[in-house]
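My entries follow in the order in which I made them.

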Amino acid sequence: MANVGLQFQASAGDADPQSRPLLLLGQLHHLLRVPWSHVRGKLQPRVTEEMVCEQADVFASACALARAFPLFTQRSGASRRTEKKTVTVEFFLVGQDNGPVEVSTLQCLANATEGVRLAARIVDTPCSEMNTDTFLEEINKVGKELGIVPTIIRDEELQARGFGGIYGVGKAALHPPALAVLSHTPDGATQTIAWVGKGIVYDTGGLSIKGKTTMPGMKRDCGGAAAVLGAFRAAIKQGFKDNLHAVFCLAENSVGPNATRPDDIHLLYSGKTVEINNTDAEGRLVLADGVSYACKDLGADIILDMATLTGAQGIATGKYHAAVLTNSAEWEAACVKAGRKCGDLVHPLVYCPELHFSEFTSAVADMKNSVADRDNSPSSCAGLFIASHLGFDWPGVWVHLDIAAPVHAGERATGFGVALLLALFGRASEDPLLNLVSPLGCEVDVQEGDMGRDSKRRKLV
(Lines give C-alpha, C1' and ligand atoms only; values in the text may rest on other atoms or scores of the structure.)
Protein backbone atom coordinates (compact mmCIF):
# COMPACT_ATOMS: atom_id res chain seq x y z
CA MET A 1 0.00 0.00 0.00
CA ALA A 2 2.90 2.37 0.69
CA ASN A 3 3.80 2.54 -3.01
CA VAL A 4 0.27 3.38 -4.12
CA GLY A 5 -0.61 6.81 -5.49
CA LEU A 6 -4.16 8.16 -5.75
CA GLN A 7 -5.18 10.00 -8.91
CA PHE A 8 -8.59 11.66 -9.30
CA GLN A 9 -9.96 12.04 -12.83
CA ALA A 10 -13.18 13.38 -14.27
CA SER A 11 -13.22 10.36 -16.60
CA ALA A 12 -10.92 7.37 -16.46
CA GLY A 13 -12.05 6.27 -19.92
CA ASP A 14 -12.85 2.78 -21.11
CA ALA A 15 -10.44 -0.09 -20.62
CA ASP A 16 -10.24 -3.86 -20.49
CA PRO A 17 -10.75 -4.80 -16.83
CA GLN A 18 -8.36 -7.69 -17.32
CA SER A 19 -5.50 -5.21 -17.71
CA ARG A 20 -6.93 -2.47 -15.45
CA PRO A 21 -9.06 -3.99 -12.66
CA LEU A 22 -12.18 -2.06 -11.71
CA LEU A 23 -13.80 -1.59 -8.31
CA LEU A 24 -17.20 0.09 -8.27
CA LEU A 25 -17.97 1.68 -4.88
CA GLY A 26 -21.06 3.43 -3.52
CA GLN A 27 -24.18 3.07 -1.42
CA LEU A 28 -26.59 0.51 -2.84
CA HIS A 29 -29.34 3.02 -3.62
CA HIS A 30 -26.80 5.12 -5.54
CA LEU A 31 -25.40 2.16 -7.46
CA LEU A 32 -28.88 1.20 -8.59
CA ARG A 33 -29.26 4.61 -10.24
CA VAL A 34 -26.18 4.31 -12.49
CA PRO A 35 -27.20 3.71 -16.14
CA TRP A 36 -25.60 0.69 -17.80
CA SER A 37 -24.39 2.93 -20.62
CA HIS A 38 -22.12 4.79 -18.16
CA VAL A 39 -20.17 1.71 -17.12
CA ARG A 40 -20.46 -0.61 -20.13
CA GLY A 41 -17.08 0.38 -21.56
CA LYS A 42 -15.36 -0.33 -18.24
CA LEU A 43 -16.90 -3.78 -17.74
CA GLN A 44 -16.84 -5.15 -21.27
CA PRO A 45 -15.23 -7.22 -22.62
CA ARG A 46 -14.45 -8.34 -19.11
CA VAL A 47 -13.88 -5.66 -14.77
CA THR A 48 -8.73 1.37 -11.07
CA GLU A 49 -11.69 2.47 -8.88
CA GLU A 50 -15.17 3.91 -9.58
CA MET A 51 -17.12 5.87 -6.95
CA VAL A 52 -20.88 6.35 -7.21
CA CYS A 53 -22.39 9.04 -4.97
CA GLU A 54 -24.19 12.34 -4.87
CA GLN A 55 -22.30 15.62 -5.26
CA ALA A 56 -22.53 16.36 -1.52
CA ASP A 57 -20.82 13.04 -0.69
CA VAL A 58 -17.81 13.37 -3.01
CA PHE A 59 -15.53 14.93 -0.38
CA ALA A 60 -16.31 12.37 2.33
CA SER A 61 -16.00 9.48 -0.13
CA ALA A 62 -12.57 10.57 -1.34
CA CYS A 63 -11.23 11.06 2.20
CA ALA A 64 -12.55 7.62 3.19
CA LEU A 65 -10.80 6.11 0.20
CA ALA A 66 -7.51 7.74 1.21
CA ARG A 67 -7.57 5.87 4.53
CA ALA A 68 -7.52 2.57 2.64
CA PHE A 69 -4.06 3.33 1.24
CA PRO A 70 -1.65 4.06 4.14
CA LEU A 71 1.84 5.24 3.27
CA PHE A 72 4.00 3.98 6.13
CA THR A 73 5.43 0.47 6.15
CA GLN A 74 8.64 -1.18 7.28
CA ARG A 75 7.83 -4.61 5.90
CA SER A 76 10.93 -6.04 4.25
CA GLY A 77 9.06 -7.01 1.11
CA ALA A 78 7.94 -3.42 0.51
CA SER A 79 11.51 -2.20 0.04
CA ARG A 80 12.01 -4.69 -2.80
CA ARG A 81 9.02 -3.35 -4.72
CA THR A 82 10.34 -0.33 -6.56
CA GLU A 83 7.43 0.19 -8.94
CA LYS A 84 4.74 2.62 -7.77
CA LYS A 85 1.16 1.68 -8.50
CA THR A 86 -1.48 4.27 -9.29
CA VAL A 87 -5.14 3.89 -8.39
CA THR A 88 -7.28 6.02 -10.70
CA VAL A 89 -10.52 7.22 -9.13
CA GLU A 90 -13.50 8.35 -11.21
CA PHE A 91 -16.76 9.61 -9.70
CA PHE A 92 -20.19 8.83 -11.15
CA LEU A 93 -22.53 11.46 -9.73
CA VAL A 94 -26.19 10.65 -9.22
CA GLY A 95 -29.03 12.89 -8.13
CA GLN A 96 -29.59 16.51 -9.14
CA ASP A 97 -25.98 17.59 -9.78
CA ASN A 98 -24.98 14.56 -11.82
CA GLY A 99 -22.71 16.17 -14.39
CA PRO A 100 -18.99 15.42 -14.71
CA VAL A 101 -16.74 16.32 -11.77
CA GLU A 102 -15.02 19.66 -12.31
CA VAL A 103 -11.24 20.04 -12.48
CA SER A 104 -11.23 22.30 -9.39
CA THR A 105 -13.03 19.57 -7.44
CA LEU A 106 -10.47 16.98 -8.50
CA GLN A 107 -7.65 19.25 -7.31
CA CYS A 108 -9.39 19.76 -3.97
CA LEU A 109 -9.82 16.01 -3.56
CA ALA A 110 -6.16 15.43 -4.37
CA ASN A 111 -4.98 17.94 -1.76
CA ALA A 112 -7.42 16.73 0.89
CA THR A 113 -6.50 13.06 0.44
CA GLU A 114 -2.79 13.90 0.46
CA GLY A 115 -3.40 15.64 3.79
CA VAL A 116 -5.21 12.60 5.20
CA ARG A 117 -2.42 10.27 4.11
CA LEU A 118 0.27 12.64 5.43
CA ALA A 119 -1.37 12.72 8.86
CA ALA A 120 -1.80 8.94 8.90
CA ARG A 121 1.83 8.39 7.90
CA ILE A 122 3.10 10.58 10.75
CA VAL A 123 0.88 8.81 13.27
CA ASP A 124 1.85 5.34 12.01
CA THR A 125 5.59 6.10 12.22
CA PRO A 126 7.24 4.97 15.48
CA CYS A 127 9.06 7.44 17.72
CA SER A 128 12.42 5.91 16.79
CA GLU A 129 11.85 7.64 13.45
CA MET A 130 9.19 10.29 14.20
CA ASN A 131 10.75 12.16 17.13
CA THR A 132 10.41 15.90 17.69
CA ASP A 133 13.32 16.61 15.32
CA THR A 134 11.69 14.58 12.56
CA PHE A 135 8.29 16.18 13.15
CA LEU A 136 9.90 19.60 12.78
CA GLU A 137 11.36 18.42 9.46
CA GLU A 138 7.81 17.53 8.33
CA ILE A 139 6.64 21.02 9.34
CA ASN A 140 9.56 22.64 7.53
CA LYS A 141 8.84 20.57 4.43
CA VAL A 142 5.21 21.74 4.33
CA GLY A 143 6.32 25.31 5.04
CA LYS A 144 8.79 25.24 2.15
CA GLU A 145 6.13 23.86 -0.19
CA LEU A 146 3.76 26.70 0.77
CA GLY A 147 6.41 29.44 0.91
CA ILE A 148 6.08 29.84 4.69
CA VAL A 149 8.98 30.03 7.14
CA PRO A 150 7.91 28.41 10.44
CA THR A 151 8.47 30.02 13.82
CA ILE A 152 10.21 27.52 16.11
CA ILE A 153 10.90 27.84 19.84
CA ARG A 154 12.92 24.96 21.28
CA ASP A 155 14.44 23.47 24.39
CA GLU A 156 15.79 25.97 26.95
CA GLU A 157 14.27 28.89 25.04
CA LEU A 158 10.85 27.44 25.88
CA GLN A 159 11.63 27.67 29.58
CA ALA A 160 13.15 31.14 29.23
CA ARG A 161 10.03 32.45 27.47
CA GLY A 162 7.62 30.93 29.96
CA PHE A 163 6.34 27.82 28.16
CA GLY A 164 6.43 25.73 31.32
CA GLY A 165 3.88 23.22 30.04
CA ILE A 166 5.67 22.13 26.86
CA TYR A 167 9.12 22.35 28.45
CA GLY A 168 8.09 20.46 31.58
CA VAL A 169 6.61 17.58 29.59
CA GLY A 170 9.49 17.16 27.15
CA LYS A 171 12.61 18.15 29.08
CA ALA A 172 13.61 14.55 29.98
CA ALA A 173 13.70 13.32 26.37
CA LEU A 174 16.77 12.99 24.16
CA HIS A 175 15.11 15.11 21.49
CA PRO A 176 14.05 18.44 23.01
CA PRO A 177 10.49 19.78 22.98
CA ALA A 178 9.38 22.57 20.65
CA LEU A 179 6.61 24.98 19.81
CA ALA A 180 6.33 25.45 16.04
CA VAL A 181 3.99 27.75 14.12
CA LEU A 182 3.07 27.97 10.43
CA SER A 183 1.30 31.24 9.63
CA HIS A 184 -0.79 32.18 6.60
CA THR A 185 -1.70 35.88 6.56
CA PRO A 186 -3.32 36.85 3.24
CA ASP A 187 -4.34 40.37 2.25
CA GLY A 188 -7.97 41.13 2.99
CA ALA A 189 -8.26 38.73 5.93
CA THR A 190 -11.09 39.67 8.29
CA GLN A 191 -10.38 37.29 11.17
CA THR A 192 -7.62 35.19 12.72
CA ILE A 193 -7.97 31.46 13.25
CA ALA A 194 -5.55 29.21 15.15
CA TRP A 195 -5.44 25.42 14.97
CA VAL A 196 -3.45 24.04 17.92
CA GLY A 197 -2.29 20.42 17.71
CA LYS A 198 -1.04 18.12 20.46
CA GLY A 199 2.17 16.55 19.20
CA ILE A 200 3.35 14.10 21.86
CA VAL A 201 5.54 11.90 19.67
CA TYR A 202 5.59 9.24 22.38
CA ASP A 203 3.87 9.04 25.74
CA THR A 204 5.38 6.73 28.33
CA GLY A 205 3.27 8.47 30.95
CA GLY A 206 6.40 9.98 32.46
CA LEU A 207 7.09 9.03 36.09
CA SER A 208 3.37 8.17 36.39
CA ILE A 209 4.36 5.48 33.95
CA LYS A 210 1.94 3.50 31.80
CA GLY A 211 1.72 -0.29 32.02
CA LYS A 212 2.85 -2.85 29.44
CA THR A 213 -0.63 -3.11 27.95
CA THR A 214 -1.44 0.62 27.79
CA MET A 215 1.88 1.96 26.50
CA PRO A 216 1.95 0.21 23.08
CA GLY A 217 0.29 2.48 20.53
CA MET A 218 1.40 5.70 22.23
CA LYS A 219 3.21 6.69 19.04
CA ARG A 220 -0.28 7.88 18.06
CA ASP A 221 -0.30 10.62 20.70
CA CYS A 222 0.77 13.12 18.03
CA GLY A 223 -2.46 12.58 16.05
CA GLY A 224 -3.80 16.07 16.71
CA ALA A 225 -0.66 17.82 15.46
CA ALA A 226 -0.46 15.48 12.45
CA ALA A 227 -4.05 16.29 11.49
CA VAL A 228 -3.42 20.02 11.85
CA LEU A 229 -0.38 19.76 9.55
CA GLY A 230 -2.25 17.79 6.88
CA ALA A 231 -5.27 20.09 7.01
CA PHE A 232 -3.17 23.28 6.98
CA ARG A 233 -1.33 22.15 3.85
CA ALA A 234 -4.57 21.35 2.04
CA ALA A 235 -6.39 24.48 3.24
CA ILE A 236 -3.66 26.85 2.03
CA LYS A 237 -3.32 25.06 -1.30
CA GLN A 238 -7.07 25.48 -1.86
CA GLY A 239 -6.98 29.20 -1.10
CA PHE A 240 -7.70 30.19 2.52
CA LYS A 241 -9.02 33.75 2.73
CA ASP A 242 -8.42 34.51 6.43
CA ASN A 243 -5.42 34.49 8.74
CA LEU A 244 -4.67 30.88 9.68
CA HIS A 245 -2.03 29.76 12.16
CA ALA A 246 -1.09 26.11 12.74
CA VAL A 247 0.45 25.75 16.20
CA PHE A 248 2.30 22.52 16.99
CA CYS A 249 3.05 21.59 20.61
CA LEU A 250 5.78 18.96 20.28
CA ALA A 251 7.31 16.87 23.05
CA GLU A 252 8.18 13.32 24.05
CA ASN A 253 6.85 12.44 27.50
CA SER A 254 9.84 10.44 28.63
CA VAL A 255 11.45 9.16 31.85
CA GLY A 256 14.84 10.33 33.04
CA PRO A 257 16.74 12.28 35.69
CA ASN A 258 15.22 15.55 34.44
CA ALA A 259 11.66 14.27 34.22
CA THR A 260 8.85 16.22 35.85
CA ARG A 261 7.84 14.71 39.20
CA PRO A 262 4.41 14.56 40.76
CA ASP A 263 4.25 17.49 43.23
CA ASP A 264 6.30 19.74 40.92
CA ILE A 265 4.71 23.10 40.12
CA HIS A 266 5.02 24.57 36.62
CA LEU A 267 4.41 28.14 35.52
CA LEU A 268 2.58 28.03 32.17
CA TYR A 269 2.53 30.61 29.38
CA SER A 270 -0.86 31.86 30.58
CA GLY A 271 0.80 33.03 33.79
CA LYS A 272 -1.02 30.39 35.85
CA THR A 273 0.68 27.82 38.05
CA VAL A 274 -0.08 24.10 37.87
CA GLU A 275 0.66 21.48 40.51
CA ILE A 276 1.48 18.17 38.83
CA ASN A 277 -0.38 15.26 40.36
CA ASN A 278 -0.22 13.01 37.28
CA THR A 279 2.61 13.20 34.73
CA ASP A 280 0.47 11.08 32.39
CA ALA A 281 -1.94 14.02 32.00
CA GLU A 282 0.60 15.82 29.84
CA GLY A 283 -1.35 16.70 26.70
CA ARG A 284 -3.39 19.38 28.44
CA LEU A 285 -0.17 21.01 29.67
CA VAL A 286 1.32 21.44 26.20
CA LEU A 287 -2.02 22.54 24.73
CA ALA A 288 -2.51 25.10 27.52
CA ASP A 289 0.72 26.75 26.38
CA GLY A 290 -0.36 26.44 22.74
CA VAL A 291 -3.77 28.11 23.13
CA SER A 292 -2.28 30.83 25.35
CA TYR A 293 0.26 31.61 22.63
CA ALA A 294 -2.49 31.66 20.00
CA CYS A 295 -4.42 34.16 22.09
CA LYS A 296 -1.64 36.41 23.38
CA ASP A 297 0.86 36.39 20.51
CA LEU A 298 -1.24 35.56 17.45
CA GLY A 299 -4.39 37.48 18.42
CA ALA A 300 -6.68 34.65 17.36
CA ASP A 301 -10.46 35.21 17.30
CA ILE A 302 -11.15 31.47 16.93
CA ILE A 303 -8.95 28.86 18.62
CA LEU A 304 -9.44 25.17 17.93
CA ASP A 305 -7.27 22.59 19.65
CA MET A 306 -7.15 19.00 18.45
CA ALA A 307 -5.68 16.19 20.52
CA THR A 308 -5.62 12.53 21.40
CA LEU A 309 -6.27 13.77 24.91
CA THR A 310 -8.09 11.16 27.01
CA GLY A 311 -8.72 7.43 26.94
CA ALA A 312 -12.09 8.29 28.43
CA GLN A 313 -13.11 9.89 25.12
CA GLY A 314 -13.58 6.43 23.62
CA ILE A 315 -15.97 5.60 26.44
CA ALA A 316 -17.81 8.94 26.27
CA THR A 317 -18.39 9.10 22.50
CA GLY A 318 -17.12 5.76 21.20
CA LYS A 319 -14.56 4.55 18.67
CA TYR A 320 -15.86 6.42 15.66
CA HIS A 321 -16.94 9.82 16.99
CA ALA A 322 -14.50 12.47 18.19
CA ALA A 323 -15.64 14.47 21.22
CA VAL A 324 -16.22 18.22 20.94
CA LEU A 325 -16.20 20.66 23.86
CA THR A 326 -16.73 24.35 23.15
CA ASN A 327 -17.88 27.64 24.64
CA SER A 328 -20.24 28.16 21.69
CA ALA A 329 -23.48 26.27 21.08
CA GLU A 330 -23.37 27.33 17.41
CA TRP A 331 -19.91 25.85 16.94
CA GLU A 332 -20.87 22.67 18.76
CA ALA A 333 -23.71 22.16 16.28
CA ALA A 334 -21.41 23.11 13.39
CA CYS A 335 -18.82 20.48 14.40
CA VAL A 336 -21.49 17.78 14.45
CA LYS A 337 -22.79 18.85 11.01
CA ALA A 338 -19.29 19.09 9.54
CA GLY A 339 -18.52 15.60 10.81
CA ARG A 340 -21.53 14.16 9.04
CA LYS A 341 -20.60 15.95 5.81
CA CYS A 342 -16.95 14.86 5.76
CA GLY A 343 -17.02 11.46 7.47
CA ASP A 344 -14.99 12.47 10.55
CA LEU A 345 -17.87 12.06 12.99
CA VAL A 346 -18.23 14.23 16.11
CA HIS A 347 -20.43 14.18 19.22
CA PRO A 348 -20.64 16.80 22.01
CA LEU A 349 -19.34 16.58 25.56
CA VAL A 350 -20.85 18.36 28.56
CA TYR A 351 -19.56 21.94 28.82
CA CYS A 352 -20.15 23.04 32.41
CA PRO A 353 -17.08 24.69 33.97
CA GLU A 354 -19.03 25.92 36.99
CA LEU A 355 -19.61 22.30 38.06
CA HIS A 356 -16.54 20.51 36.73
CA PHE A 357 -13.51 22.78 37.03
CA SER A 358 -13.36 22.39 40.81
CA GLU A 359 -11.92 18.92 40.10
CA PHE A 360 -8.55 20.65 39.63
CA THR A 361 -8.47 22.47 42.99
CA SER A 362 -4.97 22.76 44.47
CA ALA A 363 -3.92 24.03 47.90
CA VAL A 364 -0.57 25.34 46.68
CA ALA A 365 -1.06 26.37 43.03
CA ASP A 366 -3.74 27.80 40.76
CA MET A 367 -4.79 24.27 39.81
CA LYS A 368 -3.69 20.66 39.56
CA ASN A 369 -3.33 18.99 36.17
CA SER A 370 -5.51 15.94 36.84
CA VAL A 371 -8.96 15.48 38.32
CA ALA A 372 -9.79 14.42 41.85
CA ASP A 373 -12.71 12.23 40.74
CA ARG A 374 -12.12 10.19 37.60
CA ASP A 375 -15.81 9.28 37.48
CA ASN A 376 -16.91 12.90 36.93
CA SER A 377 -16.82 13.43 33.15
CA PRO A 378 -13.00 13.26 32.83
CA SER A 379 -12.93 14.08 29.10
CA SER A 380 -14.92 17.26 29.70
CA CYS A 381 -12.68 18.17 32.62
CA ALA A 382 -9.53 17.66 30.55
CA GLY A 383 -10.83 20.06 27.93
CA LEU A 384 -11.82 22.60 30.60
CA PHE A 385 -8.25 22.58 31.89
CA ILE A 386 -7.13 23.86 28.47
CA ALA A 387 -9.92 26.46 28.33
CA SER A 388 -8.99 27.80 31.75
CA HIS A 389 -5.72 29.09 30.35
CA LEU A 390 -7.69 31.28 27.96
CA GLY A 391 -10.15 32.17 30.71
CA PHE A 392 -13.76 31.08 30.81
CA ASP A 393 -14.77 34.69 30.12
CA TRP A 394 -12.64 34.91 26.95
CA PRO A 395 -14.89 36.49 24.29
CA GLY A 396 -13.60 34.46 21.32
CA VAL A 397 -14.64 31.03 20.07
CA TRP A 398 -12.81 28.07 21.61
CA VAL A 399 -13.30 24.54 20.28
CA HIS A 400 -11.66 21.43 21.71
CA LEU A 401 -11.68 18.17 19.74
CA ASP A 402 -10.59 14.97 21.48
CA ILE A 403 -9.77 12.38 18.79
CA ALA A 404 -8.10 9.71 20.95
CA ALA A 405 -10.22 6.78 19.71
CA PRO A 406 -10.94 7.59 16.03
CA VAL A 407 -7.29 8.50 15.32
CA HIS A 408 -6.78 4.80 14.61
CA ALA A 409 -8.70 1.76 13.40
CA GLY A 410 -7.06 -1.39 14.67
CA GLU A 411 -3.32 -0.96 14.26
CA ARG A 412 -3.50 1.64 11.49
CA ALA A 413 -3.85 5.41 11.68
CA THR A 414 -6.88 6.95 9.98
CA GLY A 415 -5.71 10.50 9.36
CA PHE A 416 -8.77 11.58 11.37
CA GLY A 417 -9.22 15.33 11.73
CA VAL A 418 -7.93 16.52 8.37
CA ALA A 419 -11.28 16.27 6.60
CA LEU A 420 -13.05 17.67 9.67
CA LEU A 421 -10.95 20.85 9.78
CA LEU A 422 -11.28 21.39 6.03
CA ALA A 423 -15.07 20.99 6.18
CA LEU A 424 -15.59 23.00 9.37
CA PHE A 425 -13.67 25.98 8.00
CA GLY A 426 -14.69 25.47 4.38
CA ARG A 427 -16.45 28.84 4.19
CA ALA A 428 -13.11 30.56 4.72
CA SER A 429 -11.82 28.81 1.60
CA GLU A 430 -12.01 29.91 -2.01
CA ASP A 431 -12.78 26.32 -3.01
CA PRO A 432 -16.41 25.61 -3.98
CA LEU A 433 -16.32 21.99 -2.78
CA LEU A 434 -15.14 23.00 0.70
CA ASN A 435 -17.84 25.67 0.73
CA LEU A 436 -20.37 22.96 -0.10
CA VAL A 437 -19.43 20.71 2.83
CA SER A 438 -19.03 23.50 5.38
CA PRO A 439 -21.91 24.11 7.82
CA LEU A 440 -20.70 27.64 8.61
CA GLY A 441 -20.58 31.09 7.14
CA CYS A 442 -24.08 31.81 5.85
CA GLU A 443 -24.53 35.52 6.50
CA VAL A 444 -28.27 35.18 5.85
CA ASP A 445 -28.53 32.87 8.86
CA VAL A 446 -27.51 35.61 11.29
CA GLN A 447 -30.47 36.38 13.51
CA GLU A 448 -31.49 39.94 14.19
CA GLY A 449 -30.70 39.54 17.88
CA ASP A 450 -27.12 38.52 17.05
CA MET A 451 -26.23 41.76 15.28
CA GLY A 452 -24.60 43.17 18.38
CA ARG A 453 -22.06 40.36 18.51
CA ASP A 454 -18.49 40.77 17.45
CA SER A 455 -18.47 40.72 13.64
CA LYS A 456 -15.47 38.42 13.50
CA ARG A 457 -17.31 35.78 15.49
CA ARG A 458 -20.44 36.21 13.38
CA LYS A 459 -18.69 35.77 10.03
CA LEU A 460 -18.17 32.01 10.31
CA VAL A 461 -21.21 31.15 12.41
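**Entry 1: P348**

In which strand does P348 lie? I found P348 in strand β13, residues 346-348. I count residues from 1 along each chain as its sequence is written. The model is predicted, so local features need pLDDT of at least 70 and side-chain atom pairs count only at pLDDT 80 or more, while totals for chains, interfaces and linings use all residues, and side-chain values use heavy atoms, without hydrogens and water. For strands and helices I use DSSP runs numbered from the N terminus (strands are E, at least two residues; helices are H or I, at least four).

Is P348 buried, exposed or partly exposed? P348 has 26% relative accessibility, so it counts as partly exposed. The cut-offs are under 20% relative accessible area for buried, over 50% for exposed, and partly exposed in between, with a 1.4 Å probe and protein chains only.

I then looked up what P348 touches. Leaving out residues up to four places away in sequence, P348 touches T317, V324, E332 and V336. Contact here means heavy atoms within 4.5 Å. T317 is 31 residues from P348 along the chain, and their C-alpha atoms are separated by 8.0 Å.

**Entry 2: S380**

I located S380 in helix α14, residues 378-388. Its relative accessibility is 0%, so S380 counts as buried.

Next I turned to helix pairs. Two packed helices are described by the angle between their axes and the distance between the axes. Each axis is a line fitted to C-alpha atoms, for helices over the stretch in contact, and the angle runs from 0 to 180 degrees between N-to-C directions.

How do helix α5 and helix α9 pack? For α5 (residues 103-124) and α9 (residues 223-237) I noted an angle of about 160 degrees, with the axes 8 Å apart. That makes α5 roughly antiparallel to α9. The scale is under 35 degrees for roughly parallel, over 145 for roughly antiparallel, 65 to 115 for roughly perpendicular, and oblique for the rest.

α5 passes α9 in a right-handed crossing. A crossing is right-handed if the near helix is turned clockwise from the far one by less than a right angle, and left-handed if anticlockwise.

On the α5 side the contact is made by N111, A112, E114, G115, L118, A119, I122 and V123. On the α9 side I listed G223, A226, A227, L229, G230, R233, A234 and K237. The residues of this contact of α5 with α9 divide into 9 nonpolar, 4 polar and 3 charged. Nonpolar covers Ala, Val, Leu, Ile, Met, Phe, Trp, Tyr, Cys and Pro; charged covers Asp, Glu, Lys and Arg; the others, Gly among them, are polar.

I checked the span of α9. Its 15 residues should span 21 Å at 1.5 Å a residue, and its end C-alpha atoms are 21 Å apart, which agrees. The expected span is 1.5 Å times one less than the number of residues. α9 is mostly covered, with 14 of its 15 residues buried. G239, which follows α9, has a positive phi near 90 degrees.

**Entry 3: α6 with both helices**

I looked up helix α6 (residues 132-146) against α5: the axes come within 12 Å and cross at roughly 165 degrees. α5 and α6 are therefore roughly antiparallel to each other. L118, R121 and I122 of α5 make the contact with F135, E138 and V142 of α6.

Are α6 and α9 roughly parallel or roughly antiparallel? Their angle is about 5 degrees and their axes are 10 Å apart; α6 and α9 are therefore roughly parallel. In this pair F135, E138, I139, V142, E145 and L146 of α6 meet A225, A226, L229, F232, R233, I236 and K237 of α9. The residues of this contact of α6 with α9 divide into 9 nonpolar, no polar and 4 charged.

**Entry 4: two values of phi**

Most residues other than glycine have a negative phi. I noted D155, not a glycine, with a positive phi of about 50 degrees. D155 is in the loop between β5 and α7. D263 is also not a glycine and has a positive phi of about 90 degrees. I found D263 in the loop between β8 and β9, and D263 is exposed, with a relative accessible area of 61%.
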